[in-house]
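Biologist: Could you take a close look at how the helices pack against one another, and at the aromatic rings among them? Please give me the cut-offs as you go.

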Amino acid sequence: EMSVLFSCVPPLNLCSNVNYSDPELPSQIAIVSSCVSCLGSIAIILSYIAVKELRTGAQKIISLLAVADFFTSFGYIVGSWNFLAHWGNNATDCHMFSVTCQAQSFLTTWSSMCSQAWTCLLAIYFLLVTLRPSKLGTRAFVLSNVLVWGLPLVPVTVLLLTGHLGYNSMSAAGWCFIQDTNLSENKGYVVLLT
């Protein structure tokens, strides 16, 4: 069973030196911008599926990058909604907030790392295509998928299983990332992720 280290009440003042007149506004803005990002990702994915002429190696990587970005944006929507749903409830549903917070943290941390990896892979692809114009093999693409989607699961799963994913007061929109309850203990994991 996983231990949950979470202070039940989200802080009234999300940033210690900033006093928001409307603390819910950053979360509302995050939901709107993340919805637009999700729509953009869906448009890229649908264009890849619908238009056969776009199914090049680069477009395939861009489509997979759009999938990773969709998960990131969706995670931010969940995190902002979770924060707004529990705002001012004075810990009436602390467990649900914490569980949703950890799930959102896992999803967005993993998908952000995948997005970074797909971006790097796209740069490598363009370099290889420029230097050696022959098509890259199917095995290389399958291996890339295993590495890009699978490798980020290792540090994120370690963070989840050790109870380090959760609410972080450093986020203005109430998103969850690495808990700031034991900051000195978390530094090793932050270094691992960067």
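Modeller: Happy to! Helix α2 (residues 57–85) passes helix α3 in a left-handed crossing, where left-handed says that the near helix is turned anticlockwise from the far one by less than a right angle, and right-handed that it is turned clockwise. Helices here are DSSP runs of H or I with at least four residues, numbered from the N terminus. This is a predicted model, in which local features need pLDDT of at least 70 and side-chain atom pairs count only at pLDDT 80 or more, while totals for chains, interfaces and linings use all residues. Residues are numbered from 1 along each chain as its sequence is written, and side-chain values use heavy atoms, with hydrogens and water left out.

The axes of α2 and α3 lie 8 Å apart at an angle of about 160 degrees; axes are lines fitted to C-alpha atoms over the stretch in contact, and angles run from 0 to 180 degrees between N-to-C directions. The two helices are therefore roughly antiparallel, the word for angles over 145 degrees. Their contact (heavy atoms within 4.5 Å) involves 22 nonpolar, 12 polar and one charged residue. Here Ala, Val, Leu, Ile, Met, Phe, Trp, Tyr, Cys and Pro count as nonpolar, Asp, Glu, Lys and Arg as charged, and the others, Gly among them, as polar.

Next, α3 (residues 94–131) packs on α5 (residues 153–161) at about 160 degrees, with the axes 9 Å apart. That makes α3 roughly antiparallel to α5, but this crossing is right-handed. Gln102, Phe106, Thr109, Trp110 and Met113 of α3 meet Leu153, Pro155, Val156, Thr157 and Leu160 of α5. By class, these are seven nonpolar, three polar and no charged residues.

Now the rings. The whole structure holds seven aromatic pairs, meaning Phe, Tyr or Trp rings (the six-membered one for Trp) with centres within 6.5 Å; planes under 30 degrees apart are stacked, over 60 edge-to-face and the rest tilted. Phe70 and Phe74 are stacked, at 6.3 Å and 10 degrees. They sit four residues apart in α2, about one helical turn. Both are partly exposed, Phe70 at 24% and Phe74 at 40% relative accessible area (buried is under 20%, exposed over 50%, partly exposed in between, with a 1.4 Å probe and protein chains only).

Trp118 and Trp149 pair edge-to-face, at 5.8 Å and 65 degrees. Trp118 belongs to α3 and Trp149 to α4 (residues 138–150), so this pair ties together parts 31 residues apart in sequence. Both tryptophans are buried. Ring pairs link Phe70, Phe71, Phe74, Trp110, Trp118, Phe141 and Trp149 into a cluster.

Conventions
Angles under 35 degrees count as roughly parallel, over 145 as roughly antiparallel, 65 to 115 as roughly perpendicular and the rest as oblique.
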